[in-house]
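Me: I am new to this structure, and I would like to learn how to read it. Could you walk me through it one feature at a time?

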Amino acid sequence: MPTAARVDPTDLFTPQEWAALASKSRWRGLWLVAHCWGAIGACMVLGALWPWLIPLLVPLVAARQLGLLILMHDAAHGLLHPNRRVNDWVGRWLCSSALPEYRKAHLQHHRFTQQPEDPDLPLSRPFPIEAGSLRRKVLRDLTGASFLKLRLGIDLEARRRGRAAPGSNATDLLSTGLDARFVWGNLGFLAAFALAGYAWLWVALWLVPLAFWFPLVYRIRNIAEHALVPVGEPDPYRHARTTLASWWARALLAPYWVNYHGEHHLFTQLPCWNLPRAHALLAKRGALGRMLVAPGYADVLRLAVKPRPADAAA
């Protein structure tokens with residue numbers, strides 16, 4: 001069972017550069033968690049004051065919901081805080097209660113990235129796919145069908161076809177069945193908002209983003225990171241993709257530097273806030289040419305769709 005190849009950071013960075021890149025912060029991770037919840041809270045305040053803004057706020061909240069998972073991911077690597085107890089407490093109770101299970105599976109993903117033993121291969125192996133297949137996936141995301149399957153174990157498509165839902169071993173999915181912690185946690189939030197007279201606000205700016213927009217953002221992020229990377233790829237520089245993101249893409253699709261996924265796979269010891277600096281240094285050393293770097297998320301989605309026969313012939 002071969003493990004994925006690794007890159008020695010001393011081949012690319014000076015000792016001083018590496019020490020700075022791999023340095024953990026006692027405040028930066030905590031600030032990012034506070035920022036994430038603060039952004040969600042600010043959207044709720046705006047929605048309560050001016051309900052007509054809610055359609056504009058839904059994508060922003062969904063992006064911060066993804067942001068909580070990105071910060072939980074850093075906690076899974078022990079990067080959110082130098083004190084392991086603080087790191088794990090913040091990651092589990094302020095980002096996602098799935099941290100313990102996620103850490104075990106996610107580290108296996110890093111150990112066997114894009115190798116046959118990688119538990120996340122089901123997320124990337126199918127690509128490229130037909131345009132119609134991608135449209136159906138997007139439709140399921142935007143109609144809440146993906147949410148029902150992911151969080152409650154209700155597969156509407158399988159029921160429509162009269163068959164049982166296939167299982168999934170992909171560890172990057174938060175759940176493939178009824179998630180009791182999710183249900184009880186959200187019922188608690190609903191009760192708290194209801195007691196304050198704002199149950200409608202919780203539905204509009206927590207549940208609606210989570211059920212009808214977050215699945216699409218989550219899917220696009222997954223496609224960008226590993227789709228079209230061959231199974232068994234031997235070159236560690238090409239195990240994952242970095243996607244360049246504009247300010248609006250960072251706000252709506254790629255919070256907390258998650259788009260620098262190639263750098264993260266090369267050097268898992270780097271906190272998320274140091275990934276842009278690593279990217280700049282890799283560019284300076286001429287290493288980006290070896291890596292998978294996409295100019296934007298739209299470009300990745302175009303690559304993820306099989307060309308029509310006429311286009312292929314052209």
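Reply: Gladly, and we can start with residue classes: Ala, Val, Leu, Ile, Met, Phe, Trp, Tyr, Cys and Pro count as nonpolar, Asp, Glu, Lys and Arg as charged, and the others, Gly among them, as polar. Please keep in mind that this is a predicted model, where local features need pLDDT of at least 70, side-chain atom pairs count only at pLDDT 80 or more, and totals for chains, interfaces and linings use all residues. Residues are numbered from 1 along each chain as its sequence is written, and side-chain values use heavy atoms, with hydrogens and water left out.

Me: How many helices and strands does the chain have?
Reply: Helices (H or I, at least four residues) and strands (E, at least two) are DSSP runs, numbered from the N terminus. Here there are 17 helices and two strands.

Me: How do I read a cavity?
Reply: Rolling a probe the size of a water molecule over the atoms shows where empty space is left. On a 1 Å grid over the protein atoms alone, a cavity is a set of points where a 1.4 Å probe fits but cannot get out, and its lining residues have an atom within 4 Å of a point. Points are joined across faces, edges and corners, and a volume is the space filled by probe spheres set on them. In this model, two cavities of 30 Å³ or more are counted.

Me: Which residues lie nearest the centre of the largest cavity?
Reply: They are His73, Tyr102, Arg221, Glu225 and His261, out of 30 lining residues. By class, that lining has 15 nonpolar, nine polar and six charged residues. Helices supplying at least two lining residues each include H3 (54-76) and H12 (214-226).

Me: What lines the second largest cavity?
Reply: This cavity, of about 40 Å³, is lined by Arg221, Ala224, Glu225, Arg241, Thr243, Val258, Asn259, His261 and Tyr297. The lining splits into three nonpolar, three polar and three charged residues. H12 gives the largest share, three residues, and strand E1 (241-243) supplies at least two.

Me: What is a nonpolar core?
Reply: In soluble globular proteins, nonpolar side chains tend to be buried together. Buried means under 20% relative accessible area, exposed over 50%, partly exposed in between (1.4 Å probe, protein chains only). A nonpolar core is a set of buried Ala, Val, Leu, Ile, Met, Phe, Trp, Tyr and Cys residues joined through side-chain atoms within 4.5 Å. Of the 314 residues in this chain, 49% count as buried. The largest nonpolar core has 73 residues, and Leu71 and Tyr297 are among those with the most contacts inside it. H3 gives the most to this core, with 13 residues.

Me: How do I read aromatic pairs?
Reply: Rings of Phe, Tyr and Trp (its six-membered ring) pair if their centres lie within 6.5 Å; planes under 30 degrees apart count as stacked, over 60 as edge-to-face and the rest as tilted. The whole structure has eight aromatic pairs. One of them is stacked: Trp37 and Trp206, 5.8 Å centre to centre with 10 degrees between the planes. Trp37 lies in helix H2 (residues 28-49) and Trp206 in helix H11 (residues 199-212), so the pair ties together parts that are 169 residues apart in sequence.

Me: Are Trp37 and Trp206 buried or exposed?
Reply: Trp37 is partly exposed, at 31% relative accessible area, while Trp206 is buried, at 11%.

Methods. On a 1 Å grid over the protein atoms alone, a cavity is a set of points where a 1.4 Å probe fits but cannot get out, and a pocket is an open set with protein on both sides within 12 Å along at least five of seven lines; lining residues have an atom within 4 Å of a point.
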